[in-house]
Structures are given as C-alpha cells and as structure tokens.
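This briefing is meant for a reader who is meeting the structure for the first time.

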Amino acid sequence: MRCSMTPNMGGMADAEPSKRAAARQRRAGLPLPDQVALVLQGGGALGAYQLGVFEALDAARIEIDWVAGISIGAINAAIIAGNPCERRLERLHAFWDKVTEALPALALFDGDYGREALHQGAAALVATFGVPGFFRPRLLPPFVAPPGSASALSFYDSAPLADTLDELIDWDLLNDGPMRLSVGAVELESGNFRFFDNRTDRIDARHVMASGALPPGLPPVEIDGKLWWDGGLVSNTPLSHVVEHQDGDLLVFQVDLFPSTAERPRTMLDVLAREKEIRYSSRTRQISDQLIRMRRDQEQVARLLDKLPPGMADDPDVQALRARTRASSLSLVQLIYRANAWEGGSRDYEFSQRSMRDHIAAGRAAIAETMTRSELIARNIYDGRTAAFDLTHR
C-alpha cells in the first residue's frame with residue numbers, strides 16, 4: 001500500500017489549478033503531477049545532505065514514487081525504497097549514525113580555520129582506519145596482493161557494507177513494493193554504463209554496492225560474472241534514466257552534492273576541492289540542461305504536429321515523428337549542496353558526526369527555502385510546462 005498522507009505544500013496549495021492540470025492529479029488536494037521522483041547524486045560523506053532533504057520532504061508530506069541514485073545516492077535510495085513509510089527515516093538515520101560513530105561530534109574548534117583543522121584530521125582518520133559498517137583497510141596493500149585478486153584491485157574492503165545493507169533493508173519490499181528504485185553502475189571490462197531497476201531486475205546488496213564501488217578505494221563488485229564499478233565514473237546523476245522512462249507528467253527533486261560553479265581557488269587544497277567539484281558536477285549540469293532542452297523541443301514539435309491538416313495524420317513520417325515526441329511535462333527542482341569555507345577536497349570522505357549533522361541541517365534548510373517560493377513550481381505544474389528550478393541559489 002502507498003503511504004497515506006495529507007499533503008502540505010505551503011504556497012503550492014494556494015494556486016488555482018487549470019482544468020487540464022486538475023484532470024491529471026491523482027492525489028486529492030495536492031498540486032503534484034502523475035509521478036514524483038527523487039534523484040540522488042554520488043558524493044560519499046556529503047550524502048547526509050540527501051537525508052536532510054528527504055527528511056524535509058517527508059515532513060512536508062510529499063510522497064515519492066521513484067527514487068534513483070548513484071554511489072552514496074544509491075545507498076540512500078535503497079534504504080528509502082527498502083523500508084515501509086514509517087521506518088524510512090529511522091533506517092536512514094541508523095545508517096548515518098553507524099558510519100560516523102567512530103568520529104564523534106567534538107566541538108573543539110569553531111570558525112573556519114578551526115573547523116578546517118578538524119575536518120582534515122577526521123578525513124585522515126578515515127583514510128587510515130576506514131568507516132564502520134562501510135569499508136575497512138586491507139591487511140596487505142594491493143601492490144603486494146596476487147594479481148587479479150580482489151585485494152589487488154582496491155585499498156579497502158567493502159564487505160562491511162553488505163552486512164549493513166542487509167541489516168537496514170527489506171529486499172523483498174524493495175523489489176516487490178510500490179516504490180520504483182534505480183541505481184547506476186559501470187561494467188569494468190566494456191566500460192558500459194547501465195541502471196539496475198527493480199522494475200526489470202531483482203536487486204540485492206551487490207547492485208547497491210556496485211553503484212558505489214569507486215576505484216581505487218573500493219573493489220569492483222561481481223554480478224552474474226561481470227565486474228562493476230561506481231556509476232559516477234560515467235555519470236554522477238541518474239536523471240537521464242528517470243526522464244527517459246517517465247510515465248506521465250513528472251516532478252523531480254534532483255539532489256546534487258557538488259556545485260558546478262564556485263570561487264577561484266586560492267590554495268592547493270582549494271584546487272583539489274574545485275577539481276573534484278568540476279569532475280562530478282559538470283556532467284550533471286550538462287545532462288540537466290540537455291534534457292530540459294530536448295523536452296522543450298519535443299513539446300514544440302508536438303504543437304506543430306497538432307497544426308497539420310487532418311489529411312496528414314496518417315502520413316508515416318508524421319506518425320513516426322509524433323511517436324518520438326512527449327506530451328508530458330517535466331518540472332525539475334535542483335537542490336545543490338554548497339560547501340562551507342572549511343570543507344576542502346576531502347569533504348566526500350570525512351565521515352564525522354559533526355559534519356554529518358551540518359549536512360543534514362543544510363538539506364532541511366534547502367527544502368525549507370524552496371518551499372517559500374513553491375508557487376513557482378506549482379504554476380509550472382498546473383500549466384503543464386517543462387522547466388528547471390534552483391530556488392536556493394542566490
């Protein structure tokens with residue numbers, strides 16, 4: 001059964017829906033389209049920001065139909081899809097409490113310089129000792145391990161993550177339940193990227209771990225005789241998969257962990273941080289812009305086809321072109337984590353409780369700020385238009 005909720009979207013409930021939009025609505029009183037998706041980017045320890053976003057969406061009683069993720073986003077997505085409504089937040093918090101338990105929230109220093117020192121120290125501890133319930137350093141370095149062995153292909157062992165996922169996820173519910181789940185990974189030998197989807201595949205811990213198997217830190221994961229690496233090597237967002245397979249009008253909350261724009265670097269630490277932001281965000285923004293542009297082009301073609309004389313409706317070229325157009329709309333809400341001044345290039349593997357809590361709070365704040373201008377999204381949905389919104393960017 002679906003979650004039973006009374007929707008609460010603040011300003012989004014104030015607008016008067018058009019007759020066309022009202023006919024599309026499945027949820028009484030809620031000005032949302034046929035399908036709502038949550039798209040979660042990869043970004044390691046920054047994934048706690050996604051927990052804050054989901055927590056705020058849950059508090060606003062916005063029901064998610066489809067959750068898709070890459071890397072840490074795949075882990076968060078699987079925990080959401082693999083638990084009943086009332087346990088999703090509990091299980092998400094259990095995961096993040098577990099992976100940060102070795103680095104308690106010590107408020108020894110405040111200010112950017114003090115926080116940066118703590119941040120770098122915590123990251124160094126993670127690099128040395130690993131993360132509880134996630135990965136641990138290998139006894140032997142990969143350079144002395146037998147060639148071809150799992151130990152020779154990574155610096156860390158991700159076996160603890162399998163136990164954590166099995167503990168927190170009901171795999172039968174994940175695969176047979178109402179929420180759709182998609183996680184992306186890259187096949188090592190061919191370099192081909194694909195999505196494992198619970199509508200076509202039987203997903204277990206291996207598929208989620210494969211999506212987050214970032215080399216050379218973590219080992220590839222074997223699935224049906226093939227080895228798989230982190231999907232972020234090819235694309236750090238699953239947005240394209242969701243949009244290409246949407247069924248009806250779609251609202252997407254896209255949660256990105258790396259911004260595409262930032263200030264000019266001033267130190268080598270800034271350089272390392274900025275390089276990582278560009279590497280993992282540029283394709284995301286490119287994909288988003290391209291999908292929006294293509295969808296608008298399709299809508300324009302559909303409008304043009306509607307103006308053709310009735311006698312041309314059966315023309316094979318007209319029918320072929322109409323089959324490639326979509327009448328459904330796309331509203332894309334972008335929620336992008338923007339790092340604090342004290343966060344450097346190690347921000348994606350700094351698993352401390354204090355940083356985790358900061359990231360969760362930032363995710364909540366992003367949704368709260370978005371809701372203050374939600375009438376813009378509502379109007380777009382009512383009018384059946386395609387548009388992208390970044391309402392937290394100043």
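A residue is called buried when its relative accessible area is under 20%, and exposed when that area is over 50%. The model described here is predicted, and its protein chain holds 13 helices and 11 strands. Of the 394 residues in the protein chain, 53% are buried. Among contacts in the chain between residues at least 6 apart in sequence, 74% join residues at least 24 apart.

**Helix α4 and helix α6**

- Two packed helices are described by the angle between their axes and by the distance between those axes.
- For helix α4 (residues 88-99) and helix α6 (residues 159-168), the axes come within 10 Å and cross at roughly 155°, which makes α4 roughly antiparallel to α6, given that angles over 145 degrees are counted in that way.
- The crossing of α4 and α6 is right-handed.
- On the α4 side the contact involves Arg91, Ala94, Phe95 and Lys98, and these meet Leu161, Thr164, Glu167 and Leu168 on the α6 side.
- Sorted by class, the residues of the contact of α4 with α6 are 4 nonpolar, 1 polar and 3 charged.

**Leu168, a residue of that contact**

- Leu168 is found in helix α6, and among the residues of α4 that meet those of α6 is Phe95.
- Is Leu168 buried or exposed? With a relative accessible area of 6%, Leu168 is buried, because the cut-off for that word is under 20%.
- Leaving aside residues up to four places away in sequence, Leu168 touches Ile79, Asn83, Arg91, Ala94 and Phe95.
- Leu168 and Phe95 are 73 residues apart along the chain, while their C-alpha atoms are separated by 7.6 Å.

**Helix α2 and helix α4**

- Helix α4 also has a contact with helix α2, and the axes of α2 (residues 48-59) and α4 come within 11 Å and cross at roughly 165°.
- The helices α2 and α4 are therefore roughly antiparallel to each other, and their crossing is left-handed.
- The residues of α2 that make this contact are Ala48, Leu51, Phe54, Glu55 and Asp58, and those of α4 are Arg88, Leu89, Leu92, His93 and Trp96.
- By class, the contact of α2 with α4 has 6 nonpolar, 1 polar and 3 charged residues.

**Lys276 in helix α10**

- Lys276 has its place in helix α10, which covers residues 268-306, and at 13% relative accessibility Lys276 counts as buried.
- Not counting residues up to four places away in sequence, Lys276 touches Phe258, Gly345, Asp348 and Tyr349.
- The C-alpha atoms of Lys276 and Pro259 are separated by 9.9 Å, and the two residues are 17 apart along the chain.

**Helix α13 and the residue after it**

- Helix α13 covers residues 374-383, and its buried residues include Ser374, Ile377, Ala378, Asn380, Ile381 and Tyr382.
- An α-helix has 3.6 residues a turn, so residues three or four places apart point the same way.
- Gly384 follows α13 and has a positive phi, near 65°.

**Backbone features in the loops**

- Ser71 is found in the loop between β2 (66-70) and α3 (72-81), and its phi is near 60°, a positive value in a residue other than glycine.
- Where does Ser71 stand on the scale of accessibility? At 12% relative accessibility, Ser71 counts as buried.
- Asp224 is found in the loop between β7 and β8 (226-230), and although Asp224 is not a glycine, its phi is positive at about 55°.
- At 70% relative accessibility, Asp224 counts as exposed, whereas Ser71 counts as buried.
- Pro216 is found in the loop between α8 (205-211) and β7 (221-223), and the peptide bond from Pro215 to Pro216 is cis, with omega near 0°.

Notes:
Residues numbered from 1 in each chain as written. Predicted model: local features only at pLDDT ≥ 70, side-chain atom pairs only at ≥ 80, totals over all residues. Heavy atoms only, no water. Axes fitted to C-alpha atoms, helices over the stretch in contact; angles between N-to-C directions. Helix = DSSP H or I, 4+ residues; strand = E, 2+ residues; numbered from the N terminus. Parallel < 35°, antiparallel > 145°, perpendicular 65-115°, else oblique. Left-handed = near helix turned anticlockwise from the far one by under 90°. Contact = heavy atoms within 4.5 Å. Nonpolar A, V, L, I, M, F, W, Y, C, P; charged D, E, K, R; others polar. Buried < 20%, exposed > 50% of the residue type's maximum accessible area, 1.4 Å probe, protein only.
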